[in-house]
Amino acid sequence: MRDWKTFIEESVSDIRAATNGFPVLAAISGGVDSTVSATLTHRAVGDRLTCIFVDHGLMRKGEADEVRRLFFEALGIGLINVDASDRFFARLKGVTDPEKKRMAIGDEFIRVFHDEVKGLGELGYLMMGTIKTDVTESGQDGGRFTKSHHNVGAMPEDMPFKGAVEPVRGLYKNEVRELGKALGIPGPSATRQSFPGPGLAIRVIGEVTRGRVALLQEADAAFREVMDATGIAATQYFAILTGLRSVGIVGGDRAYGETVALRALSSVDLISAAPVRVPYETLEKAASEITARCPGVNRVVYDITPKPPGTIEWE
């Protein structure tokens with residue numbers, strides 16, 4: 001187990017030396033990685049850190065508000081909030097290919113970020129919440145490419161940063177969580193489930209619209225509430241709007257509705273993962289909650305595929 005006290009002290013010293021008194025700008029996604037990175041960087045540079053939270057409208061139900069409260073109230077870190085959801089949904093209109101979704105979201109994220117920093121003066125350094133898994137899956141460490149990550153790769157050429165600060169680039173997800181606890185980030189925020197950079201866009205199979213995202217947000221919230229109440233040990237558990245439609249019965253009439261898939265996994269580093277054996281009674285309760293709360297959903301299934309051969313996400 002790492003000596004996190006020493007890791008923090010060395011990281012703070014390294015960040016101060018690397019940034020050399022210049023301002024640091026951070027793009028905050030709301031996930032654990034960027035939150036931990038920002039907290040560590042803030043400890044090193046203080047008010048020289050400016051955080052911009054780009055709300056793409058693709059987060060879990062209520063999560064954008066939770067992120068804002070965390071930074072302002074719990075961490076004491078200033079946050080520029082940008083509601084860019086209209087831009088992201090417009091960019092995703094008609095896009096159904098998984099990799100094209102990822103690329104579109106990553107590109108739009110940079111564009112929004114670029115627009116927001118125009119009036120901030122000297123840019124200094126860019127802080128990113130890159131972790132070891134991001135680098136590996138992007139093929140940047142010599143391995144096989146699995147999927148793109150918006151926080152891996154060259155910095156935007158038209159934003160002349162002096163360099164990048166990546167405080168957790170050498171850590172796996174479980175280590176980032178441990179570091180978050182050592183930094184004093186409130187428990188629920190430090191241990192919050194991993195969330196993909198493209199958000200719910202890759203859990204909505206097919207075209208991404210506000211209506212479909214809202215439907216998935218409610219289904220996902222229902223499943224997580226049921227799981228949270230049971231105390232079942234799982235690294236991640238979430239819902240997917242599969243894009244599959246089937247015949248069901250609503251109010252005594254036949255209806256052609258959406259299919260929601262549920263996924264619960266146990267993993268240490270997220271490089272591999274095993275499906276959790278969720279009791280049937282729990283799955284049955286989740287299915288009842290989802291179909292009751294989500295008009296248009298009439299079928300719920302459970303995914304038991306490990307990683308590999310599957311991935312954690314469906315896209």
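The legends below describe close-up views of a predicted model.

**View 1. Crossing of helices α1 and α2.** Helix α1 spans residues 4–19 and helix α2 residues 32–45; their axes approach within 8 Å and cross at roughly 65°. Helices are DSSP runs (H or I, at least four residues) numbered from the N terminus; axes are lines fitted to C-alpha atoms over the stretch in contact, with angles from 0 to 180 degrees between N-to-C directions. The crossing is right-handed, that is, the near helix is turned clockwise from the far one by less than a right angle.

**View 2. Residues between α1 and α2.** From α1, Phe7, Ile8, Ser11, Val12, Ile15, Arg16 and Thr19 meet Leu40, Thr41, Arg43, Ala44 and Val45 of α2 (contact: heavy atoms within 4.5 Å). Seven of these residues are nonpolar, three polar and two charged (Asp, Glu, Lys and Arg count as charged, Gly as polar).

**View 3. Lining of the largest cavity.** Ser29, Gly30, Gly31, His56, Met59, Arg60, Glu63, Arg192, Phe195, Pro196 and Gly197 line the largest cavity. A cavity is a set of points on a 1 Å grid over the protein atoms alone where a 1.4 Å probe fits but cannot get out; lining residues have an atom within 4 Å of a point. The lining has three nonpolar, five polar and three charged residues.

**View 4. Residues 145–152.** Mean pLDDT (the predictor's confidence in each residue, from 0 to 100) is 90 for the protein chain, and 93% of residues reach 70 or more. Residues 145–152 fall below 50, with 29 contacts in the model beyond near neighbours in sequence. Where pLDDT is low, predicted coordinates should not be read in detail.

**Notes.** Residues are numbered from 1 along each chain as its sequence is written, and side-chain values use heavy atoms, leaving out hydrogens and water. Local features need pLDDT of at least 70 and side-chain atom pairs count only at pLDDT 80 or more, while totals for chains, interfaces and linings use all residues.

Methods:
Helix = DSSP H or I, 4+ residues; strand = E, 2+ residues; numbered from the N terminus. 1 Å grid on protein atoms, 1.4 Å probe; cavity = no way out; pocket = protein on both sides within 12 Å on 5 of 7 lines; lining within 4 Å.
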